[in-house]
Amino acid sequence: MKIATILAATLLAGMATTADAKTVVVTAAHMIDVLAGKRVDNPQVTIVDGRITAVGRKGDAVPAGAERVDLGERTLLPGLIDMHVHLTSDPTLSGYRQLEFTDNFWTVVGVANARRTLDAGFTTVRNVGSANYDDVALKQGIERGYVPGPRIVPATYALGATGGHCDATEFPPSIQVPHPQIANTPDEFRGAVRTIRKYGAEVVKVCMTGGVLSKTDSVGAQQISLAEIKAIVEEAHMLGMKVAVHAHGAEGINDALRAGVDTIEHASLADAESFKLAKVSGAWFDMDIYDDDYILAEGAKNGVFAESLEKERQVGLKQRQTFRAAHAAGVKMLFGTDGGVYPNGNNALQFAKMVEWGMTPIEAIQAATSSAAIALGRTADVGAIQPGRFGDLIAVEGDPLADVRQLEHPAFVMKGGAVVVAPK
């Protein structure tokens, strides 16, 4: 009798919870099913307590008391995912201009950029590098409801070698800048992985080669040895973390792929061997092919170093050509923009570049949705309009499969069943 009473009480409690749950039903004229790669007409999406519980057709039964959101003739898509951003950066404050501000100023910059990014339809981002664990602070503030923003997968400090792209190379020897992420042996890098994980990193970012915006290094030169990157990958994977590698030059890209990294960022000078290694290992290329336009147009007035502008001239077009070749070779591709090198919130400008340089619109959309979710290891939560995943949705006015630039101006944004941008 007591067991029956307990079971009845539990059932009633469950019914009460279901009855009290917030339910939202979203309808539209069309929906992009990114898993099937096609458009579906007259979709109806039911969201309960932030997660999708049903995806059907307009006219299906609606739970009693549900909030209704009818998007009219618009097209529904999953919330977008940018796999390479720096929310706590402002490209108008480049080079030595950054020195005008106190350290925690950049956290405030991150708050503003998080809102712009979410409003632009990007409901999840991978933040691959920030100082002072700012991206963890931002993630915590968003999750606690203090500020609006996307779901953040933080890397905290990007790991690098002394004098490399992720070191402070812009100062004379008399000025010492503490950088806890700088290491020079396999064991030191193992310790660095453990340290950033301790303080909130969920992905490991590594600077494998030189870069465009750093001083004193060649953009493609390898800076971390095969033994060092192997140690990083082994440690990260043991801890359940994926490894994202900044790499422009082919030698660094190929050693990173031999070590088993998960994503290659930039990949500007990747070669046929890179494509072969990526396909064998299952690694993804994450190429920021919009940036070149912004850097060359705005960089000088924003304070970008003259040598950095020259390096961008060396690799910008080549990176786009490599993107086309990698896609044609069958390398798995992601959507990553390097937001922060251009203004955060303009992320969707890259879609048109991806189509211009070889992708179909659905492939570009999948790179920012279903493929990104796979690369993050978060297919249970994001990347598609599917029961069980978060109610992260956007809607655009036209057909993004006909004109991918529709994604640049979402008319509607929802995160976890809550409306962020309402249609006008």
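This report describes a strand sheet, a helix pair, a cavity and a pocket in one predicted model.

The model is predicted, and local features need pLDDT of at least 70, while side-chain atom pairs count only at pLDDT 80 or more and totals for chains, interfaces and linings use all residues. Residues are numbered from 1 along each chain as its sequence is written, and side-chain values use heavy atoms, with hydrogens and water left out.

**The sheet.** Helices (H or I, at least four residues) and strands (E, at least two) are DSSP runs numbered from the N terminus, and two strands pair if DSSP finds at least two bridges between them. In the order 5-4-1-6, 4 strands form an open sheet with mixed pairing. Strand 5 (51-57) and strand 6 (67-70) stand at the edges, each with a single partner strand, so one side of each is left without a neighbour in the sheet. From one strand to the next the twist averages 20 degrees. Strand 1 (residues 23-27) runs parallel to strand 6 and is joined to strand 6 by 4 bridges; within strand 6, Glu67 is the bridge partner of Val24.

**The helix pair.** Axes are lines fitted to C-alpha atoms, for helices over the stretch in contact, with angles from 0 to 180 degrees between N-to-C directions. Helix 6 (residues 250-259) packs with helix 7 (residues 272-281) at an angle of about 20 degrees, the axes lying 9 Å apart. Helix 6 and helix 7 are therefore roughly parallel to each other, a term used for angles under 35 degrees.

**The cavity and the pocket.** On a 1 Å grid over the protein atoms alone, a cavity is a set of points where a 1.4 Å probe fits but cannot get out, whereas a pocket is an open set with protein on both sides within 12 Å along at least five of seven lines; lining residues have an atom within 4 Å of a point. A search of the whole structure finds 1 cavity of 30 Å³ or more. Among the residues that line the largest cavity are Pro78, Thr123, Asp381, Arg389 and Phe390.

| Space | Volume | Lining residues by class |
|---|---|---|
| Largest cavity | about 40 Å³ | 4 nonpolar, 3 polar, 3 charged |
| Second largest pocket | about 330 Å³ | 11 nonpolar, 2 polar, 7 charged |

The second largest pocket is lined by 20 residues, and Ile142, Glu143, Gly149, Arg151 and Lys415 lie nearest its centre. At least two residues of this lining come from each of helix 2 (105-119), helix 3 (134-143), strand 10 (151-154) and strand 18 (418-421).

How values were computed. Points joined across faces, edges and corners; volume = space filled by probe spheres on them. Nonpolar A, V, L, I, M, F, W, Y, C, P; charged D, E, K, R; others polar. Parallel < 35°, antiparallel > 145°, perpendicular 65-115°, else oblique.
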